[in-house]
Structure formats: structure tokens, C-alpha cells
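Please consult the sequence and coordinates shown here.

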Amino acid sequence: MTDARAAATTADDHGMAPPPDKPQATAPEALSWDSRSRRVVTIYVPLACFLFILLFPFYWMSVTAFKPNAELYDYKTYNPFWIGSPTLDHIHLLLFKTDYPRWLWTTMIVAFCSTVLSLVASTLAAYAIQRLRFKGSQYVGLAIYLAYLVPPSILFIPLATMVFQLGLFDSPLALILTYPTFLIPFCTWLLIGYFKSIPYELEECALIDGATRVQILWRITLPLAVPGLISAGIFSFTLSWNEFIYALAFIQSTEKKTVPVAILTELVTGDVYQWGALMAGSLLGSIPVALFYSFFVDYYVSSLTGAVKE
Amino acid sequence: MTQTQDPPLAWTRRRRELNWLERMLDWKPLLVVACMLPAVGLLMVFLTYPLGLGIWLAFTDTQIGRKGVWVGLENFEYMLEDPIFWNAVFYSVFYTGVATIGKFGLGLWLALLLNNHLPFKSLLRAIILLPWIVPTVLTAIAFWWIYNPQFSIISYVLIELGWRDTNVDFINTAWSARWSLIAANVWRGIPFVAISLLAGLQTISPSLYEAAMLDGSTPWQRFRYITFPMLLPILAIVMTFSIIFTFTDFQLVYAITRGGPVNSTHLLATLAFQRGIPGGQLGEGAAIAVSMIPFLVFATLFSYFALARRKWQQGEGDD
């Protein structure tokens with residue numbers, strides 16, 4: 001067993017040995033004659049600046065969340081970039097003195113339900129447009145694509161009156177039903193691209209063997225489309241987690257708010273802002289999305305770039 | 001003899017009869033309708049209908065809790081005389097223009113940097129996408145804290161370095177607030193632009209660069225005559241999206257300044273919200289929201305056709 005593995009690894013090593021020369025031979029920069037120091041100045045220094053600027057707000061958010069108030073408002077005696085005596089006070093305040101756990105729970109339920117709803121709807125629609133090829137299917141596809149270009153900030157006022165008339169005002173159901181308006185166009189668009197990459201011959205074989213269309217969708221196309229479904233699901237989940245304007249307009253009572261809205265409207269009270277708690281709330285609200293996304297980052301990046309390439 | 005007769009029978013298992021539901025669903029027109037119904041139904045009810053309703057509301061004096069009556073162009077006439085509305089129009093255009101230039105300039109630069117052979121490339125891409133993943137409002141709150149008049153970390157660093165004597169004023173006067181918001185928007189937009197353009201860069205064949213180098217091209221010429229034209233199709237799509245979503249931005253401005261100081265940083269979306277939901281004037285809010293539509297159509301057509309036509313010309317030149 002171990003011998004076999006050792007043999008395999010050595011084989012791998014032998015297999016790996018040539019490539020370090022090879023990619024360099026075809027790499028664009030090997031063609032130019034720039035020296036190592038020039039490469040550092042033109043590539044690594046700007047890249048480090050970009051990374052610093054892109055990540056600094058997150059660092060600052062985390063540092064603030066764990067700083068005691070004394071250090072928070074006194075840059076003279078304490079170095080602001082570091083925490084002298086870390087404290088969990090702000091997180092404690094957030095979790096036990098406010099409705100934060102409930103906001104988190106509501107956000108998760110809303111994001112989960114609207115993701116499932118739009119995934120089902122857009123999988124069926126994408127399958128019909130891409131595989132059933134009915135008359136005018138490309139126009140329906142185009143219309144769904146155009147629907148993605150209608151921004152929520154145009155729709156929220158009429159939607160608010162509709163939500164009021166349907167009696168859904170101040171209910172999470174209003175959010176679950178309205179989020180698919182921006183999730184479905186995006187997911188459908190993404191899944192059409194994904195279905196296109198699955199060979200049609202597989203379905204033809206199944207048709208010849210006497211499978212029904214529903215069986216083909218359930219047994220052949222969907223299992224092959226799992227990576228596409230996962231990335232569409234991640235997109236939908238993060239988009240609904242990020243959504244702000246509908247949640248701000250349709251939800252009024254404190255305990256039913258979603259995390260982004262609640263932090264801005266419930267924690268900012270009066271003239272004295274609780275900066276520590278605000279930052280702790282932002283950090284805790286970012287972590288689930290960041291975690292969720294870090295597990296699937298490869299799917300995410302490939303589908304993002306794939307969708308853009310379409 | 002009889003034994004040899006039996007096995008073939010075992011092989012020909014009869015196909016299970018389909019029940020009526022399965023047979024109905026195998027009829028293509030019905031299957032198409034069944035598949036399209038959830039998506040099209042949801043979009044019709046919650047997207048197309050509200051779009052029409054919004055346009056209708058713009059011509060009424062509807063308020064929260066009171067049905068409006070048709071007032072014709074009254075809302076628009078009032079809007080045209082309202083300096084706050086014109087200020088919002090100006091800032092929306094300015095914000096979109098400057099932020100788009102910033103995002104695409106820096107994003108293209110970052111994409112070109114990432115296109116080199118680097119260690120930990122996939123980790124790097126994941127880290128870079130972070131500002132785009134995290135909810136906008138939450139990062140906006142972080143920026144609000146960074147822009148704090150008293151405890152801004154940027155002011156602290158500048159004073160420590162001896163470059164300034166007083167705290168920087170980020171969001172308390174009109175122009176500084178405008179620029180601060182644009183900076184936050186550019187910060188959030190860079191990752192998406194960079195990662196999408198990187199995908200475009202990776203599809204460009206290295207043999208084009210090799211051929212250009214054999215012809216003695218400079219790096220600038222390689223960028224100008226190979227990279228840029230090859231990138232245009234993706235650039236057109238990403239830019240159209242970016243312009244639309246920057247022009248209709250709401251979260252960042254609402255979280256950091258709420259349109260202040262003295263209404264100087266209102267975008268059309270935040271102004272529509274302020275008039276419509278807390279102000280209760282749904283008709284007026286809808287009129288402001290509807291006034292975004294011509295800008296959006298224009299921006300889409302402009303960026304799409306300007307870039308698409310150049311792509312077509314380049315393509316023909318290459319042939």
C-alpha cells in the first residue's frame with residue numbers, strides 16, 4: 001500500500017520534473033528580456049498596493065470589532081493599528097442585548113427560500129429554452145436577459161404598493177417572492193450557458209432508448225449540470241444576502257429585519273454611534289457569506305468568467 | 001430442450017406503461033408551458049407589472065395609504081423646478097462617469113498584473129473578489145467609520161506622517177463627500193472588473209504576442225493593437241452592466257451619507273426613496289424613479305453600440 005503510494009509519488013515527481021522549464025518557455029514574460037528587479041517593481045509592488053487597499057477595510061473592521069472603547073477613541077496613547085487588550089464586549093452586546101441572532105436567522109431563511117425558488121424556476125426555464133427549442137425560444141431567452149437589466153431601484157416603489165395591497169407588508173414572504181425578480185434572470189442566463197456545454201447526443205441516446213423528456217431532465221441533464229446548479233445557487237444566496245433596498249422598504253418591525261438593514265437602522269441610534277458594535281455586526285454579517293463562498297470559490301470564479309464570456 | 005427456451009423470455013422485460021401524467025408531460029407544447037410557467041409567471045407578476053405600475057404611479061398623486069388620482073404631468077413639472085432633483089441628476093451622472101472610469105482603469109491594471117505568472121494565483125483571485133462578495137452595506141459602514149470626522153484612520157496616518165495638521169474632512173462638505181462616495185464605489189467595483197477582464201485576457205492566444213514580438217513591437221504597441229481590441233467584446237458587456245448598476249446605486253450613498261450634507265450627494269435612487277417611502281409621496285417618488293429609465297436606455301445603447309461597432313470594425317480590419 002505504502003510502497004504503491006511511494007511509487008506513485010515518485011512517478012508523479014518524475015512526471016512533474018520537466019514542466020518547470022516548459023511553461024517558462026511559452027510564457028509571455030520569458031519572451032521579453034526584463035530582469036528580476038524590474039519585474040518586482042512593475043508587478044509585485046503595484047499588486048501589493050492593490051491587495052493592501054482592497055483588504056484594509058476588512059482589517060480595520062475586525063480590529064475595531066475587538067477593541068475596547070477606551071482604545072477605540074484614543075489614538076494618542078494606543079497604537080490604532082493594533083489591539084492592546086482584545087475584548088468580546090461588542091460581540092456580547094450584539095448577541096445578547098440586541099435581536100442580532102434573529103436578524104441573522106431571518107436573513108438566512110429569506111436567502112435560502114428565495115434561492116431554492118429561483119433555482120427551480122430558472123432550471124426549468126433554462127432547460128426549456130436551451131433543450132426543448134420551441135418556436136421563439138431565443139426571444140424568450142433575450143427577454144429574460146433584459147429583465148436582469150431592470151434595476152431594483154426603479155421597481156421598489158410600485159412593488160411597495162403591491163406588497164401593501166397583497167397584505168404582505170412587514171412579512172419575510174414579501175422578500176422571498178420579490179428577490180427572484182433579480183435572481184431568476186441571472187440564474188437562467190447562467191444555466192443556459194451551462195446546459196449548452198452538455199452534449200446533446202446524451203439526450204438523443206436516451207430518447208432513442210425510450211426515456212421521456214422528464215426522465216431525461218431528471219436522470220441525465222440535471223446530474224451533469226450539478227456544478228452549474230451549485231454556482232447558480234451560490235450566486236443567488238450571496239445576492240439575496242446582500243439585498244438591501246427591498247428589505248428596507250418592505251419590512252418595518254425590528255425583529256423581522258434582515259442583517260444589512262437592521263445594522264444600519266437599529267444599531268445607529270441617537271448621536272453616539274456604537275462603532276465597536278457596528279463593526280462587530282458588519283463582521284459577523286460578512287462571515288457567513290465569505291465562508292460560504294470560500295468553499296465554492298472555484299465554481300464561483302469559473303462560472304463568473306464563463307457567464308461573462310457568453 | 002425446454003431449458004434453452006426459457007432464458008430469452010427473461011431478457012425481454014416489458015416496458016412499464018406510462019401513466020397519464022407522464023404521457024401528458026411528454027407532449028412537447030405542454031412540457032414547454034409547464035417549464036416556462038414558474039419563471040415567466042414570477043417575472044410577469046413581480047417585474048413587468050410593477051414596471052408598468054411604476055410608470056402609471058408617476059402620473060398620479062398616490063400617497064401611502066391613499067389611492068391617487070390621475071394628475072397628468074404635474075409630478076414631472078414639479079420635479080423640473082426642483083433644484084434638489086437637478087442636483088441628483090447631476091450627481092448621478094458625475095458619480096457614474098467618474099466611478100466607471102476609475103473602476104475600469106484600475107480594474108484593467110489589476111487584471112494585467114494578475115495575468116502574469118504568479119504564485120498562489122487562485123488564492124489571490126479569491127482574496128481579490130472579497131470586496132465584491134461581502135454585502136455592500138456592511139463595507140459601506142466600514143467606510144463610514146474610516147471617513148469619520150474625528151477618528152478617521154486616514155487622517156491619523158496623514159497627521160502622523162506630517163503631511164497635514166488637521167483632520168481630513170471626508171463627508172461633511174458637499175464636494176469632499178461626493179469624492180469620498182466615488183472612492184468607496186470604485187473600491188467595491190474593482191474586483192468584478194478585474195476578474196472578468198482577466199477571463200478575457202486568458203482567452204487571448206500567446207502566439208499573437210509572439211508574432212508581434214518577432215515584428216519588433218513595443219509593450220505599448222502590444223497592448224494597444226492586440227490586448228485592447230481582443231478585450232473589447234467583454235469590456236462592452238461588463239461596462240454596460242457596471243454603468244447601469246452604478247447609475248441606479250442606492251446602498252452605498254444611503255449607508256454613508258443618506259444624501260447629505262444638504263442633499264448634495266443624493267443619487268436619483270436615494271432621492272426617490274426619500275420622497276417615496278419615508279416621505280410618503282409615492283407618486284413623486286415613482287416619477288423620480290421613472291426619470292432614470294431614459295438615462296439607462298441611453299447609457300446601455302451608447303456603451304453597447306459604441307463598443308460593439310468598434311469591435312465590428314476591428315474584426316473587419318483583421319479579416
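Q: Is Glu284(B) buried or exposed?
A: In this predicted model, Glu284(B) has a relative accessible area of 13%. The limit for burial is under 20%. Glu284(B) is therefore buried.

Q: Which residues are linked with Glu284(B) in a network of salt bridges?
A: Glu284(B) forms a salt bridge with Arg275(B), with the closest N and O atoms 2.9 Å apart. Arg275(B) counts as buried, because its relative accessibility is 16%. The network that contains Glu284(B) also includes Asp82(B) and Arg275(B).

Q: How many residues apart are Glu203(A) and Arg131(A)?
A: The side chains of Glu203(A) and Arg131(A) meet in a salt bridge at 2.8 Å, N to O. The pair links distant parts of the chain, with Glu203(A) in helix α12 and Arg131(A) in helix α7 of chain A. Both residues are buried, and their separation is 72 residues.

Q: Does Lys257(A) count as buried or exposed?
A: Lys257(A) meets Glu266(A) in a salt bridge (2.8 Å, N to O). Glu266(A) has 25% relative accessibility and so counts as partly exposed. Lys257(A) has 9% relative accessibility and therefore counts as buried.

Terms used: Residues are numbered from 1 along each chain as its sequence is written. Chains are lettered from A and ligands numbered from 1 in the order in which they are written. This is a predicted model: local features need pLDDT of at least 70, side-chain atom pairs count only at pLDDT 80 or more; totals for chains, interfaces and linings use all residues. Side-chain values use heavy atoms; hydrogens and water are left out. A salt bridge is a side-chain nitrogen of Lys or Arg within 4 Å of a carboxyl oxygen of Asp or Glu. Helices (H or I, at least four residues) and strands (E, at least two) are DSSP runs, numbered from the N terminus. Buried means under 20% relative accessible area, exposed over 50%, partly exposed in between (1.4 Å probe, protein chains only).
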